[in-house]
Amino acid sequence: MSDAIAEAKQSTVGLGSKTSLGSGQVQSRREFLKQGARLAVTAAVGGGVLAACGGSPAAHSAAEHPKGTLGTLTMAAGADQWPESGSGVKSTTYQYPFNVNVFDTLIHMDHTFGLVPSLARSWELRPPNTWRFHLRPGVRFHDGSPLTSADVVYSMNRAAQGGQGSFSMIGHDSARALDSLTVDITPTGPNLHLPLQIVHPELSIMKNGTQASDGMGTGPFAASSYTPNEKVVVTRVQDYWGEPAMVSTLTALFVSDPNARLLALRSGQVDVTLDPPPSSLSSLSTYGLTSTHSGVGETLLGYLNIHGKAPYDLLSDPVLRHALSLSISREKLAADVLTGVATPDPAMGPLSVLGSAAKYIKAVHYSHAKATALLDQNGYAAGTDGIRSKGGRRVSLALIGWPTIDLSAMEFIQSSAKAVGIEVIIHNVPDFTSYGALRKAGKFDIDLELPNQNDADPSFLPVLRFYSKSKSPAVALVAPGASFDAMVETTLAASDIPAIQHDSAELMNTLVYDDAIVIAYAGLWRVAAMKPAVGGLVLHPSETSQLWTKVYLR
């Protein structure tokens, strides 16, 4: 790192004054563990454990839903993405990304990204790389047949065939039944994070021989009807093994336009609207409506192309990357552009998923002065229009992004960069197909994405997108190299939650703070608007783990 870069970042410290590392250095893993933060494999973090036994979802008291089960809850959800998943083993209907609780996973992820026993009542590590799951007895599928190990083995094999098990290294022969209620799962490579990953709904359990589109699960709702791109209807399972739902029917209308979703709520067509336009939140009370939001689940991130071919090779210079990162006011972006749905977030994911290790995340703070000084000192001269050049090349960067990201956020990034002399040209693509083509071809400098923390593993995004052995698109353009790969492999070898969290914080600091390969712009929460008659709706930070059992109508 150049002296200029180091000087430009002097004001950045760890979060939390009591544990701030004034030197800007993250505590070593060994020092962290020596201080007593390293616990046994059964250590609880945020209400969850990596290895656990016993327990079941707690029932609500009668005072919370005095009228009990009542009627149909109708909601306006986003666009239907189930058809895009394909058919057969690739189908994720009823599962992902929209989850209507037709299926259960072995372990559930709670609102703090902790682990809660679900179909597996306990699990433990069998060294060196196998996890043993003990199934909950007495669980039945919606057709009345009992859940057994054979269903789990089938579901894991199906996920491997469909590609859903790749992130957790579940292969075709990873799952093995020991008896009717005991299953061993051995990842295809070293990966002791499996319980943190198996909460993902793509790994939920379905009846042996069926597909997701058949809707034969063990969940609190049973599939009733599904019309692609229009609606899905599910009904309450009276004898559900856990906490039964408090509405008899759940109907979700697929409405891609957020303004149309809001109008459906205002007109009384629906009881709940998911993800209404942020600009509408302040006026909801005018219509007698209320809103609620989750904790941070998504993070707005910019992935920078550091290995691109000309003309997409400018960000191979770390000086330019750091200046670009310093140019953005995260506070202003959250307050003025992403109003009501975001907060500044210095990490690559929700801070809560890092547990106590969140205090070691090093934040990059906006500084126009430091960004311009860094560029001035390293030969980036401003032209007559204010845009800088070096070696005869104009500093002009191509920005691509998910089509679901608000254009105003892209324009804020563009104007912030221009203020320090960096031109950003927005390529506003109409759909994911167009976006994917540009990313695959490497025709970008900044790739703006909005990933969701869909499992409880804090290392998932750094590993998925920046580990050179990952199969993620464009990984070759953004991966730091051998030193980072070694850090990843150390993290994957940890089975202890505090160690995983600390190592994950180090991975994020390397990418965001030290090397500026990632720009962390904001953390976003999920929002729902609703009628006052709706009670008990607690939004999960990850929409894929949302439970609808606690929602009721007054």
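I count two strands as paired if DSSP finds at least two bridges between them, and I take helices (H or I, at least four residues) and strands (E, at least two) as DSSP runs, numbered from the N terminus. The model is predicted, so I keep local features only at pLDDT of at least 70 and side-chain atom pairs only at pLDDT 80 or more, while totals for chains, interfaces and linings use all residues. Residues are numbered from 1 along each chain as its sequence is written, and side-chain values use heavy atoms, with hydrogens and water left out.

**Entry on the open sheet.** I looked up β17 and found that two bridges join it to β18 (residues 388-390), the two strands running antiparallel; Ala381 has Ser389 of β18 as its bridge partner. Three strands make up this open sheet, in the order β17-β18-β19 and with antiparallel pairing, and its edges are β17 (381-382) and β19 (393-394), each of which pairs on one side only.

**Entry on β15.** I then followed β15 (residues 290-304), which pairs with β23 (residues 518-530) in the antiparallel sense over 11 bridges, with Gly302 opposite Ile519. Four bridges also join β15 to β22 (residues 446-449), again antiparallel, and there Leu301 is partnered by Glu449.

**Entry on α13 and α14.** For helix pairs I use axes that are lines fitted to C-alpha atoms over the stretch in contact, with angles from 0 to 180 degrees between N-to-C directions. Helix α13 (residues 482-492) packs on helix α14 (residues 497-514) at about 165 degrees, with the axes 9 Å apart. The pair is therefore roughly antiparallel, a term kept for angles over 145 degrees. The crossing is left-handed, meaning that the near helix is turned anticlockwise from the far one by less than a right angle, whereas clockwise would be right-handed. Taking contact as heavy atoms within 4.5 Å, I find Phe484, Met487 and Val488 among the α13 residues that meet α14, where Ile500, Leu507 and Leu511 are among the partners.

**Entry on α7 and α9.** Helix α7 (residues 330-337) and helix α9 (residues 407-418) pack at about 145 degrees with their axes 11 Å apart, and their crossing is right-handed. Lys332, Leu333 and Val337 of α7 make the contact with Ser408, Ala409 and Phe412 of α9.

**Entry on the ends of α10.** At the start of α10 (residues 432-440), I located a side-chain oxygen of Asp431 within 3.3 Å of the backbone nitrogen of Thr433. Just after α10, Gly442 has a positive phi of about 75 degrees.

Methods:
A polar contact is a pair of N or O atoms within 3.5 Å; within protein, one must be able to donate a hydrogen and the other to accept it, and residues adjacent in sequence count only if both atoms are side-chain atoms. Angles under 35 degrees count as roughly parallel, over 145 as roughly antiparallel, 65 to 115 as roughly perpendicular and the rest as oblique.
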